[in-house]
Amino acid sequence: MEDYELYGKTIEKELFHTGKKQYIHIYYDGIAAEREKIIINQRFHKLDQQLEEKKNQIIKRQEDVAGYKKYYRLKFDENGYFQSYKRKDKEIKELINRAGFFAIITSRKMSASQALEIYRDRDAIEKVFRMEKTYLGNDVFRVHLDEHLESKVFISFIALIIRNEIYKSLKPLYLKNKKEYTVPKVLREYEKLGVTKLSDKKYHIRYKLTNKQKNILKQIGINEKEYIEFAREVIKPLDKN
């Protein structure tokens, strides 16, 4: 799946004895796998340190180290004191071998690519609502009248729709360059567009469009010529004032 830089496969199978066949979409992300392996190794290094500390504390209660039993063989002396530990290599290897894999289950027949696209679109919507709280300040409304609250919610909802439309239009660019074509970066490019009043007391398009700005505008169906014409229409009434 080149667009997502993943491997994907779909299996049709009955799950949980429901009597209905479902579609299991299994994915492997090699980049995520390497990242997860580093995290796993760091985790077990930290668990080793914790067990070493507990061993030095001369712990007698087995429940104090019970949480480590899944991946460690724990040894106690004849008096019940925690004495030593050893990693369970087989269990840890199985954990490492699962790194980079994830699955999506659907009841409707579709390809692995379609399932992932739907899931990521839903995830993007959830992130948009989280961003509403973060960037639009809607975690706290700070209004006292119902009509003010309705106005603020309405405006923020319109802003979310616009932001999501920007996200959807950017997807082809984002898949090619995930660093340069994020919504926040594109919004900063939008902020650079506009007209400026210069020393002749008239408004002008101060800067030419960059290649990046041209690419962004192209995704919403606007070319350079249309942008210039629109800017000139904006300038006319401003110059009259």
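Good morning. I begin with Tyr 85, which lies in strand 4; strands here are DSSP runs of E of at least two residues, helices are runs of H or I of at least four, and both are numbered from the N terminus. The structure is a predicted model, in which local features need pLDDT of at least 70 and side-chain atom pairs count only at pLDDT 80 or more, while totals for chains, interfaces and linings use all residues. Residues are numbered from 1 along each chain as its sequence is written, and side-chain values use heavy atoms, with hydrogens and water left out.

Tyr 85 counts as partly exposed, at 24% relative accessibility. With a 1.4 Å probe and protein chains only, buried means under 20% relative accessible area, exposed means over 50%, and partly exposed is in between. Not counting residues up to four places away in sequence, Tyr 85 touches Asp 48, Leu 51, Glu 52, Tyr 72, Arg 73 and Leu 74, where contact means heavy atoms within 4.5 Å. Glu 34 is 51 residues from Tyr 85 in sequence, and the two are 27 Å apart in space, C-alpha to C-alpha.

Strand 4, residues 82-87, also holds Lys 86. Lys 86 is exposed, at a relative accessible area of 56%. Its contacts, leaving aside neighbours within four places in sequence, are Tyr 71, Tyr 72 and Arg 73. Between the C-alpha atoms of Lys 86 and Phe 101 there are 27 Å, for a separation of 15 residues along the chain.

Let me turn to the nonpolar cores. Such a core is a set of buried Ala, Val, Leu, Ile, Met, Phe, Trp, Tyr and Cys residues joined through side-chain atoms within 4.5 Å. In soluble globular proteins, nonpolar side chains tend to be buried together. The largest core here has 14 residues, and those touching the most other members are Phe 44, Leu 51, Val 65, Tyr 68, Tyr 72, Leu 74 and Phe 82. At least two residues of this core come from each of helix 1 (30-56), strand 3 (72-76) and helix 2 (89-97). Helix 1 gives the most, with four residues.

What does Phe 82 contact, leaving aside its neighbours within four places in sequence? The partners of Phe 82 are Leu 51, Lys 54, Lys 55, Ile 59, Val 65, Leu 74, Lys 75 and Phe 76. A second, separate core has eight residues, including Leu 6, Ile 104, Met 110 and Ala 112.

I now come to helix packing. Two packed helices are described by the angle between their axes and the distance between the axes. Axes are lines fitted to C-alpha atoms, for helices over the stretch in contact, and angles run from 0 to 180 degrees between N-to-C directions.

Helix 4 (residues 146-176) packs on helix 6 (residues 211-219) at an angle of about 130°, with the axes 8 Å apart. Helix 4 is therefore oblique to helix 6; angles under 35 degrees count as roughly parallel, over 145 as roughly antiparallel, 65 to 115 as roughly perpendicular, and the rest as oblique. Ser 169, Pro 172 and Leu 173 of helix 4 make this contact with Asn 215, Ile 216 and Gln 219 of helix 6. By class, there are three nonpolar, three polar and no charged residues. Ala, Val, Leu, Ile, Met, Phe, Trp, Tyr, Cys and Pro count as nonpolar, Asp, Glu, Lys and Arg as charged, and the others, Gly among them, as polar.

Helix 4 also packs on helix 5 (residues 183-192), at about 105° and with axes 10 Å apart. Helix 4 is thus roughly perpendicular to helix 5. Helix 4 contributes Arg 163, Ile 166, Tyr 167 and Leu 170, and helix 5 contributes Val 183, Pro 184, Val 186, Leu 187 and Tyr 190. The residues of this contact divide into eight nonpolar, no polar and one charged.

Helix 5 and helix 6 pack at about 105°, again with axes 10 Å apart, which makes helix 5 roughly perpendicular to helix 6. From helix 5 come Val 186, Glu 189, Tyr 190 and Lys 192, and from helix 6 Lys 212, Gln 213, Ile 216 and Leu 217. Here the division is four nonpolar, one polar and three charged.

Finally, the backbone. Most residues other than glycine have a negative phi, and most peptide bonds are trans. Ile 58 has a positive phi, near 55°, and is found in the loop between helix 1 and strand 3. Lys 201, also not a glycine, has a positive phi of about 70° and lies in the loop between strand 6 (196-197) and strand 7 (203-204). Ile 58 counts as exposed at 57% relative accessibility, and Lys 201 counts as exposed at 64%.
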